[in-house]
Amino acid sequence: MPISIGVVGMNYWGPNLARNFDRMQGCRLAWVCDRDEAVLDRHRSSYPNSTFTPRYEDLLEDETLDAVVIATPVPTHAALTRMALDAGKDAFVEKPLALTGADAHQLAELADARGRVLMVDHLLVYHPAVQKLKDLVDAGELGRVFYLYGNRQNLGIVRPDENALWSLGPHDISVMLWLVGERPSEVSASGESYLQPGVEDVVFGRIKFPSGVIGHLHLSWLDPHKMRKMTVIGSERMVVFDDMETERKVTIYDKGPIPRTGALG
Ligand SMILES: NC(=O)c1ccc[n+]([C@@H]2O[C@H](COP(=O)([O-])OP(=O)(O)OC[C@H]3O[C@@H](n4cnc5c(N)ncnc54)[C@H](O)[C@@H]3O)[C@@H](O)[C@H]2O)c1
């Protein structure tokens, strides 16, 4: 039996999820949901075998539905995810899972208590180039990892209800946690709101790991450079994943620190 899926939120990002789940073997896109009928109308012809509804509750009331995929604005994630888990559905949620740590913990506990799958779309950790970085780190090809940093800058979508950290940061943070394989011992971030009060447009973040590895983040939707980059500095080699490159996404620099020689004094 294929897994029966319902996607909620079909404006900007949701259509990518609907398309992929619809094409995925072993999945059936049973429901397409958006509370805006005009948004729904844009997609009706693409999914003639799915049921369209503006009511999220319709998905939860369908006992044959296995999982919901949530691609609504971030402030709605926690409540919609809670409803899905309470209705006995698995939930695949767009990043970030919630706007507070407390909500995120509660949702993880609820999923455990209900025996349901709760997955956040940290899509970059499935990117083949990031897999390559992980293989290099794990195989010791970089030597000891000293530090790493992510650049995610653009003149991009300015979001009204989540700042650059919430909107852009989950990509880099998920990659850093995966590459380093440790839980951070210290985190800090500072940002400034230039375009809208209380919504930071640029954020600089710092993560320290128990082994001494440092991660640094530069996140901004107010920047002339379009950058989607992760750089990892090791004792033997350095590697850059540049997602703006079309052909050479990963570059390994066969360079380490230059040892001081006696002759130089
Ligand atoms: N993984 C990525 O690279 C990536 C890229 C872009 C966006 N996203 C994420 O996708 C999510 C959605 O972003 P977006 O830009 O598509 O948002 P959006 O505001 O463009 O669209 C959200 C849609 O959800 C609908 N909606 C809101 N509340 C609803 C409800 N209760 N029931 C049914 N429909 C409802 C709205 O009508 C709207 O059509 C966010 O979490 C965002 O962070 C991820």
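1. Among contacts in the chain between residues at least 6 apart in sequence, 62% join residues at least 24 apart. Two residues are in contact if their C-beta atoms, placed from the backbone, lie within 7 Å.

2. On the source: this is a predicted model, in which local features need pLDDT of at least 70 and side-chain atom pairs count only at pLDDT 80 or more, while totals for chains, interfaces and linings use all residues. Residues are numbered from 1 along each chain as its sequence is written.

3. The chain has 265 residues, of which 34% are buried. A residue is buried if 20 or more other C-beta atoms lie within 10 Å of its own, exposed if 12 or fewer, and partly exposed in between, with C-beta atoms placed from the backbone. Along the principal axes, the C-alpha atoms fill a box of roughly 75 × 45 × 40 Å. The secondary structure amounts to seven helices and 13 strands; helices (H or I, at least four residues) and strands (E, at least two) are DSSP runs, numbered from the N terminus.

4. There are two domains in the division of the chain, domain 1 (3–121) and domain 2 (124–264), with bounds that come from an automatic or database domain assignment. Their centres, taken over C-alpha atoms, are separated by 29 Å. Six residues from domain 1 and four residues from domain 2 make the contact. On the side of domain 1 that touches domain 2, five residues are nonpolar, none is polar and one is charged. For these classes, Ala, Val, Leu, Ile, Met, Phe, Trp, Tyr, Cys and Pro count as nonpolar, Asp, Glu, Lys and Arg as charged, and the others, Gly among them, as polar.

5. The largest nonpolar core holds 31 residues, and Val7, Val8, Leu59, Val68, Val69 and Ala91 touch the most other members. Such a core is a set of buried Ala, Val, Leu, Ile, Met, Phe, Trp, Tyr and Cys residues joined through C-beta atoms within 7 Å. Elements giving two or more residues to this core include strand 1 (3–8), helix 1 (14–23), strand 4 (67–70) and strand 6 (118–120). Strand 2 gives the most, with five residues. Leaving out residues up to four places away in sequence, Val8 touches Cys33, Tyr56, Leu59, Val68, Ile70, Ala71, Thr72 and Leu80. A second, separate core has 20 residues, among them Leu133, Leu148, Ile173 and Val213.

6. Which strand contains Leu148? Leu148 lies in strand 7 (residues 145–155), and it counts as buried because it has 27 C-beta neighbours inside 10 Å. Not counting residues up to four places away in sequence, Leu148 touches Met176, Leu179, Gly215, Met230, Thr231, Val232 and Ile233. Leu148 and His216 are 68 residues apart in sequence, yet 6.5 Å apart in space, C-alpha to C-alpha.

7. Is Ser190 buried or exposed? Ser190, in strand 8 (residues 186–192), is exposed, because 11 other C-beta atoms lie within 10 Å. From Ser190 to Gly205 the separation is 15 residues in sequence and 6.4 Å in space, C-alpha to C-alpha.

8. Helix 4 packs against helix 5 (residues 101–114) at an angle of about 10°, with the axes 10 Å apart. Helix 4 is therefore roughly parallel to helix 5. Ala78, Thr81, Arg82 and Leu85 of helix 4 meet Asp103, Leu107, Leu110, Ala111 and Arg114 of helix 5. By class, this contact has five nonpolar, one polar and three charged residues. Axes are lines fitted to C-alpha atoms, for helices over the stretch in contact, and angles run from 0 to 180 degrees between N-to-C directions. Angles under 35 degrees count as roughly parallel, over 145 as roughly antiparallel, 65 to 115 as roughly perpendicular and the rest as oblique.
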